[in-house]
Structure formats: structure tokens, C-alpha cells
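This report describes how two protein chains meet. Please examine the sequence and the structure below before reading on.

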Number of protein chains: 2
Amino acid sequence: MSSEFDLIVIGAGPGGYIAAERAGGAGKKVLLIEKEEMGGECTNWGCIPTKSLLAGAKHYVHARESERFGVTVSGAKYDLKTAMAWKQETIETLRAGIAFLMKKNKVEVVKGTAVLNPDRSVRVNDVLYSAKNIIIASGSSAAVPPIPGADGKNVVTNRGILSIEALPRKLAVIGGGVIGVEFASYFSAVGVEVTVIEMMDEILPLMDGDFARAMRKALKGINFATSAKVTKITPKGVDYEKAGKTESVEADLVLMSVGRRPNLEGFTEAGLDISRTGIRVDEKMRTNLPGVFAVGDVTGTSLLAHSASRMGEVAVNTILGKEDRMRYHAIPWAVYTLPEAAGCGLTEKEAADKGIPVKTATVQMRANGRFLAEHGKREPGMCKVLVHAKKNTLLGVHIMGATASEIIPAAAAMIEAELRTDEIREIIFPHPAVAEVLRDAVWEIE
Amino acid sequence: MSSEFDLIVIGAGPGGYIAAERAGGAGKKVLLIEKEEMGGECTNWGCIPTKSLLAGAKHYVHARESERFGVTVSGAKYDLKTAMAWKQETIETLRAGIAFLMKKNKVEVVKGTAVLNPDRSVRVNDVLYSAKNIIIASGSSAAVPPIPGADGKNVVTNRGILSIEALPRKLAVIGGGVIGVEFASYFSAVGVEVTVIEMMDEILPLMDGDFARAMRKALKGINFATSAKVTKITPKGVDYEKAGKTESVEADLVLMSVGRRPNLEGFTEAGLDISRTGIRVDEKMRTNLPGVFAVGDVTGTSLLAHSASRMGEVAVNTILGKEDRMRYHAIPWAVYTLPEAAGCGLTEKEAADKGIPVKTATVQMRANGRFLAEHGKREPGMCKVLVHAKKNTLLGVHIMGATASEIIPAAAAMIEAELRTDEIREIIFPHPAVAEVLRDAVWEIE
């Protein structure tokens, strides 16, 4: 073996690089292994490039649809090549930032594909490395189900769609989860005819039912086919079955966004306990193998970049002997569509399923001063809060409307700190802010 | 006396109408007196109309300056009349909303100017009203110092400038506080040449010094004259002294935004204890007169709409016999300029003045994924956190950059809940969000 480390981290996405940064910052000798690019799926083919493109799409909409504010333009144009260059610059700046963080925290970085051996050594490019502890943060990849035509040239996943060179005329999106709906929103905003085909009876399954329905209506440029099972992809588009009938949607590009599968290549021969969804871990991110941890998408528990980062922190704290554990009750999520939505904590359905008695209140965005000033009374949006019916602690917050993703951290803080309604009512929010909907909804409780 | 109420509220701004709503909601018989418009200064001539205009200005900037995202337009125009109509619609929607809230909470509303008599009766339009309790929420007005020429036709305050019918060619803003700088940012964004003249050596005195300086640089279309004392206003512009020299700035419109004075008319004969800055109150918003409370700008303690609302809640809770008190350590503020800034809690200078030992950390926005994706690495922005050096509790947060005003409620919640750094590090923020700067800055502490 070439070298003895305190910690080997496999995968430089938001789970792995944060774990490496924290461990390096605590003085540990860390090796970080990445087979592709620093930042992983999130930075290179996920969260970041989509936000870069959506930013431009939002400005394009602002340019064309701001007559009500007194702003008119002639000849608004959208150039994909420039947008893609902006996206690329964002990615490269972040990659460089992560590389700098690794250097700053004295993390050694090796490029290559890691294989975990039964003796817990790690092989990369035919070199063997060993360490007291190992964190597997290998992420996930787009799942491609065995639908006839799914291997066609017109079919892409989240990676392929980020390197197209011209806008499609018509885009079909298979799968109405977060990834599918974000791409749908982007392409629709820049003028592409978009159809989302979803097998379930509603899009965005992580959302509170009321909100998913409202979002489907708010994304009004997009066609949605729900309860629709794709049967075939052809060069002309997608065939699906709905209510016993076969229907077709024309498309020159098809995005496959039906789910993710854990990246287990290289980790199947070491004796790890692996379930159908990923590597099994406990609340300290420990696998069944002593000293071997897994964090992020590869665990299959919470497929979000920030969950991965937090899991990385928990794994490192456990290695450092600091008391910590992963909790899943206050993980926020956001959909960066136009309009945005975000949530944190329980939905009404989840509360009912768990037998937790709740009180709820919903306020409409049109009652909010800043929202009115910036979006007007016809723009949809709302905020729902769930509170424990007896303890009055905040259990869930759901927001639809501009800046929802920047407001939800306040909800995450309140849920994590187990604040009660009487405590939240004493917190002063700035006026005017869209965020006031959260305080107002809490005041509506009882 | 015509009628006996539980509570008379004088002034229907964010202090008064919230107090009336809360008391009415608790079953009290409430009379709300307003001499002008529902919503007061904030809704009609302050927070709300400025945000309505700034929303349009932001879209105008997006229309013209989005080449980097691939968005180009051949001709962008800004029409003040349409923008003013949007502003007016926003105001009227909110006014109607407040009127609805009053009806819903069975609050009786009377229009007229209130006078508080020594016997604690209240006269409006020659009718006398009485109540067990009275809340004075009469607000403040723009102060106009006795500068020669300040009574000229070319001089306006926050009210007059919101009813101009054409954009000035050149605008001089006297006073670089929040109101002055917001108007300066708006007019600059829509193409007006703007000069801000400030007597102190820096603009935005409520901000942390580093942030005020950075903001002055970030507002790059605007001319700033600091340490400058206005000596005369003429039809041609403004004369001021700076470093012993007299200088002139041309302007066809002059905005006077040097400060606010409490609206005390009608309250000076009742025996109230009134200081130079306003009606004196204790932490329960009680004045020296039994059963008479004062909230909001008229107290001169914290001239912010949301402070007024919270004071209104404290006064009502005190009346209802519920334990509550006004605290000033976690009141957020925001400046809705382009770019925005916001803060909550102590600045470094305030901590030093109070002898509170602090640790600080500052992170730059260019390290934030969402900020990079939406604004790029050249756009300024940062977040500074202050933590108690021994207790590790969060004491202050300062943010400059887009959506700062929507992020700061999370800081307010954390400061109010007295969270320590180790607790904040366990809160999961969504990725990517600009709000992550707050978590990242807390991680930098130590």
C-alpha cells in the first residue's frame, strides 16, 4: 500500500467534498478520490447548471413580460450558446473553489475510479490506498427504465440535455419530479413546447398535495399528462397509455427523468450491506463494515445535495468522536421553477400517516405586501404551516412563490429548534418581505 | 361621550392596524382612527410604493443587462406613468386587504384626526370617544430642516416624489439613509442622474461599516457626496460644503430624506411624557398615562414598519394580560436597493461599544453556488456573522446581495432563539441557496 491516510473520501460531490473539507479542517490527513469532476453531479450536471440556465430564463421572461411595470422591449432574443457559456463559467468557478478549499484544508485529491476491496483497501488507477476510515460518497445516476426506444439518439438524461447545442422545437419530459419539472420550466420559459409525462396522478411527489396541484396549474406554459405510462419512445416522440387509451406526444428531444440509481460500481465486492435503494447506514452514517461510512445519494435515503453535505458532516463528526447524528425531519427542499416552491418538514399526508395530530393554516401570497408589489394579485402563491396540535411546535412549512427557496431556511431553523407558535410569533420579520407569509400563517393557527 | 370601547387605536399604519387586528381577534371592542389612508405611511408613501417601483426598475435592468445569460433586446423603454399605476394598484389592494381584516376582526374604523384630551377621551370630528385602553400609533413625517430653499417647488419628501408625473433629468437626494438610498437606486436604475448628499462620512448609518462602504461602491450608477453639509437649495440644484469648500450639484428635483419626526399633533395636551425623539414608553409600550400606550415611529425608538407591528402586538398582549415585552436585539432591517442589503442584531461597532466580546467571520457571495449561477463572480456581495466570543451564541448577521431581505428572517429567528454555532451548524439549508452564506459564515467561526 502506497500511503496511510486518516480518511479516504470517495466522490467529490456535496457529500464528499464537504466531508473532506471538514475532516481536513480538523487536522486529519484526507484523500479525496473523484473519477470525473470536482463538485460531482450537483455542481456539474445538476443543481448548479440548472440554476444558471433558469437565471437567464427568468431574465428573458422579465424582458418580455414586464409591461405592467412600465417596461417594454422590442426584439427580445434568447441565445442558447451564450447561456451555455454562462452555465459553464459558473461550473468552472465553483470547481476551482472546491479545489481551493481542498488545498486550504490539505486534502490530497486523486482522479480515478475507486474500488473498495474486501480488506478495506481502496484501489485507484492500480494504486492501493488505505485509511483508518472511509466515506463512500459516490452519488447516483439517472435511472433509464427499459422502455422501447429509451436508447434512441433523441433521448437524454440530466447530463445530455445540458450539452445540447440548439433548443429543441418540442421537448417531452418523462417523469414529473423535481429534475423533470425544473427542466420543463426552463425550456418552456425560453420558448420550447414542453410536455411532461408522469406516471403518478400528480407531479412533484415530495410536495404537499395542495401545492403540487397548484404548481401544475401555475406552470401554465407546460403541458402535463399525469397518470400516464410511457410505452414507447420513437424518433418522432413518446407514446403513452392513459385511462386505457394510447396517446402520443410529438418531440424532437426526450428527457428521461424518472429517478436515480445509486452509484455502486466498485463497492459491491467488499461485503457492504446494500439494499434495493443503496448502501445501508445508521444515523451516524456507519455502514455494516467497521470504519466505512456512506453519505449522500448512494445511501438512497434523501437524494438532495444538502442532505449529502450534512451526512458528510455527521460521518466526520462521528470519526472525530463528536456526538452527532443525521436527522431527517427538518431537511428543506426547493424546486427552482418559475414560480419556485420549497418546503421543510411534514406534509399533511405524512402527518396523518404517522398519526401525528396537527393544526394547519394557509395564507395566500396576494395578502403579502412585497409579493403584491413585485408580482401582483393575480400571480399564484401560498404558504401552509403545520403545527403539532398539542405541543404547538412547528412541524412543516410549504411555500409556493418567488424566493420560496431563500425563505425556507428560516423554517428549517424553526423546525430544527422545535420552536412553538408563541415563540415564532415573537420573532420579528422585516417588512415588506415575502417571508412574512410564514409568520402570518403561524398567527393564523388556532 | 358617544361610545365605550375596550381599545381605541390612533393611526392605521403597521403599528395601529396590527394592534387593532390582534385586539379585535381576541374579542375586544376596538375603534381604529385614521386621518389619511389605511396602512399609513408604510403602505401609502413608504415601504410598499417604493418596492412596487423598484420591482419594475429591476425588470428594466434585467431587460437591458442580461447579455451574459443569452438575453438581448433591441429597444427597452421605461414608462413612469404605467409604473405609477402599478404602484397605485398595489397600494389599493393592500388598503382593501387591511379594511377587510378590520371588518373580519370587528374593528370599527373612523376617519378623522384624533386629539387625546387630558381626561383620556379622544376627540375625532367633534365626537368624543372613550375606552379602557388607548394605543397611539400616529407614526412619523419627513423632517425638513431649515435649509434656505427647502420650501422650493423643486423640493419633495418621500410623499411628493411618489406622485411626480415625469422622471427628473437630474435628482439630488439630501440624506443617505435607507429612504434616500432606495429612491436613489430606483431613479438611477431607470436612467436618472442621481447624486446623494450625506452629512456623515458614510451612507446607511444602520449598517455595519464594512457593508455601508461596500454598498456605496456597489451602487455604482449613483454619485455620492459624503461628509457634505447642504447650505442652500436653489431652482438649479443643491449647494453643499465639503472639506471647507462650497460645491454645487445640478438637479431639477431634490428629495429631502434627512430623517423623520414623530407625529405628535393632538397628543401634546394630555400630559404625556414626550422626549425629543417621541413619546416615552416602557418595554410593554406603556406611556406615563395609565391605559395609554404608544407604538411605532411616534415612540422614536425603532423607526421600522415591522418594529411598529411588533410593538402593537406587545401593547395588545399587555392589555390582554399576556406576558410580553418589546425586545430590540433581533429586529431585522433591509435596504431594497439594487443590490439589496439586510441585517439583524449587533454590528461590530455596537458590540465594541457595549463591551460584548465577539468573534466574526465574513464569506463572499462569489463562493456561493446560487449567487454565482444567478449573478456571477464579479457581482459584489458578502455575509458577516458576529458570535458571542464565550457563549458562541449568534448576535449579528449582515448580508449584502440579492434576496438578503428574504434571508434575514432566518437570522432573526436564530438570534431571537439564542442559537449557538454548534446548533446552527446542524441546521440544514437547501442547496443551492444564497442563504447558505449564513451557514457557511457560521462554519468559518473559530
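## A salt bridge between the chains

The structure is a predicted model. In this model, the side chains of A:Arg439 and B:Glu313 form a salt bridge, with a distance of 2.7 Å from N to O. Between chain A and chain B, the count of salt bridges is twelve. The two chains also share 32 residue pairs in polar contact, counted where both residues have a pLDDT of 80 or more.

Several elements of chain A give two or more residues to the side that touches chain B, among them helix H3 (47-64), helix H4 (80-104), helix H7 (305-319) and helix H12 (436-444). The most is given by H3(A), which supplies eleven residues. Sorted by class, the side of chain A that touches chain B holds 41 nonpolar, 19 polar and 24 charged residues.

## Extent of the interface

The size of an interface is often expressed as the accessible area that is lost when the parts come together. Here chain A and chain B bury about 7,100 Å² between them, and 61% of this area lies on carbon and sulfur atoms. Of the area that chain A buries against chain B, 11% comes from A:Trp86, A:Glu406 and A:Ile428, more than from any other three residues.

In terms of contacts, 84 residues of chain A meet 84 residues of chain B.

## Strands that pair across the chains

The two chains are also joined by strand pairing. E3(A) pairs with strand E4 (residues 75-78) of chain B in the antiparallel sense, over four bridges. In this arrangement, A:Thr72 stands opposite B:Lys77 of E4(B).

## Relation between the two copies

Two copies of a chain are related by a rotation about an axis together with a shift along that axis. In this model, chain A is superposed on chain B by a rotation of 180 degrees with 0.0 Å of shift along the axis, and the RMSD is 0.1 Å. The two copies are therefore related as by a two-fold rotation axis. The same surface serves both copies, since 100% of the contact residues of chain A recur in chain B.

## Salt bridges in the whole structure

Over all chains, a search of the whole structure finds 65 salt bridges. One of them lies within chain A, where the side chains of A:Lys51 and A:Glu182 meet at 2.7 Å, N to O. A:Lys51 belongs to helix H3 of chain A and A:Glu182 to helix H5 (residues 178-189) of chain A, so this pair ties together parts that are 131 residues apart in sequence.

Terms used: Residues numbered from 1 in each chain as written. Chains lettered and ligands numbered in written order. Predicted model: local features only at pLDDT ≥ 70, side-chain atom pairs only at ≥ 80, totals over all residues. Heavy atoms only, no water. Contact = heavy atoms within 4.5 Å. Buried area = accessible area lost by both parts, 1.4 Å probe. Salt bridge = Lys/Arg side-chain N within 4 Å of Asp/Glu carboxyl O. Polar contact = N/O pair within 3.5 Å; in protein donor to acceptor, adjacent residues only side chain to side chain. Nonpolar A, V, L, I, M, F, W, Y, C, P; charged D, E, K, R; others polar. Pairing = 2+ DSSP bridges. Least-squares fit on C-alpha atoms with pLDDT ≥ 70 in both.
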